[in-house]
Amino acid sequence: MQNADVIVVGAGLAGLSCALHLRSAGLSTLVLEASDDVGGRVRTDVVDGFKLDRGFQVLLTAYVEAARVLDFAELELETFDPGALVWIAGAFHRVSDPRRRPTELAATLRAPVGSLGDKLALGKLRFQLEKTDREGRSRRPEVTTLDALRNAGIGEKMIERFFRPFLGGIFLEGDLQTSSRMFEFVFRAFAKGDAALPAQGMGAITKQLADRVGRPSIRTQAEVAAVDGNGVTLASGARLSSRSLVVATDGPSAAQLLPELTAPRSCSVTCCYYAADDPPVAEPRLVLNGGCEGPVNNLCVPSQVAPSYAPPGASLVSATVLGNPKAANAQLDGEVRAQLKTWFGGQVKDWRHLGTYRIAHALPAQPVGAVGAREVRLRPGIYVAGDHRETASIEGGLVSGRRAAEAVLEDLSG
């Protein structure tokens, strides 16, 4: 007996996007998720009234697929101020987008993140990327992000003090060896739109998709042990059949189920959350470590962006550490507090630790040659989706899900 037209393995962004497109086309779909809820890497936990995203993330409103698939109004998006506060030599310096914050132009020009020539080169690079479409960008030589910045005329000081912490927090690697294709994609999205948080946390994105797919079509705590062209075998031994199968997990998990796939190298990240009586940063802005000292790469106060992230009268602080440090959580907490004490003073000792998330497979690495649309058809009846088939981003996960669904529909109709 056939359980569904299509079985989708994984209830993250890619899997839910795929299921949504398939159901819209009239196919019955069963989504299997190994964990206790939907979301994958885009989940939010509630701890003592604080909303803790599983790793600091933002939704970029310039993402085309996200705007098409998601209901932004229902998500109640709250936006960051464009720019950042950069910690350099014992002080914070404001760096803003002069087009959106012209009143902060003078402060941005004075900020010791780079020379005037660096800032002019950055403005020129932004202009070039904004006016160049995707096809035009694909014709540009592909190099590392580090080389792309150097080739654009941006000096080492600005690379070290601004781009390593800013892009490092996006790519989850501070050496800037990520492909220039990914840099251009992300930088253009930041320039054209806002970075935002849903009022109920980033997990609201996947919950919205799951509600539209239909909860009865999603089965949680259903770990898949093996797949073939006729369905799946669960870890429990149960057999579920389908006409087609889509594996929409992270790269390493997909490679375990599909031996013809090579698991992409993963970038990991660690996120420490704290409850504070008062916000250490009053404005809804990202804070960057431009001094390269201490474990924290970037910090923000999510409750200053979206007040619902914290209970009334409290603030939520999120500190991001790249990679997966060897130090145990208690030791890492001490190292994080020691660094942040130099930034914010004695108030840090009174912060209450809410949780530490260590995410081993936070993003697939995106070196030169690894960015862009990859094949979603693997063999008859078996397809694959995930941000490892596109760009390592929310947008990439959604696009890959749609592409897999389109391939399934094309093959079944044929």
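Buried means under 20% relative accessible area. The views below come from a predicted model.

**View 1. Ser217 in its loop.** Ser217 lies in the loop that links helix H10 (203-213) to strand E10 (218-219). Its relative accessibility is 12%, so Ser217 counts as buried. Leaving aside residues up to four places away in sequence, Ser217 touches Arg23, Thr29, Leu30 and Val31.

**View 2. Cys272 and its closest cysteine sulfur.** The closest cysteine sulfur to that of Cys272 belongs to Cys271. The two sulfurs are 6.7 Å apart, too far for a bond. A disulfide needs the pair within 2.5 Å. Cys272 has a relative accessible area of 1%, so this residue is buried.

**View 3. Cys300 and its closest cysteine sulfur.** For Cys300, too, the closest cysteine sulfur is in Cys271. Here the distance is 8.1 Å, so a bond is ruled out as too far. Cys300 is buried, at 2% relative accessibility. By the 2.5 Å rule, the model has zero disulfides.

**View 4. Helix H13, residues 329-344.** H13 has 16 residues. From first C-alpha to last, the helix reaches 21 Å. That is close to the 22 Å expected at 1.5 Å a residue.

Terms used: Residues are numbered from 1 along each chain as its sequence is written. This is a predicted model: local features need pLDDT of at least 70, side-chain atom pairs count only at pLDDT 80 or more; totals for chains, interfaces and linings use all residues. Side-chain values use heavy atoms; hydrogens and water are left out. Buried means under 20% relative accessible area, exposed over 50%, partly exposed in between (1.4 Å probe, protein chains only). Helices (H or I, at least four residues) and strands (E, at least two) are DSSP runs, numbered from the N terminus. The expected span of a helix is 1.5 Å times one less than its number of residues. Contact means heavy atoms within 4.5 Å.
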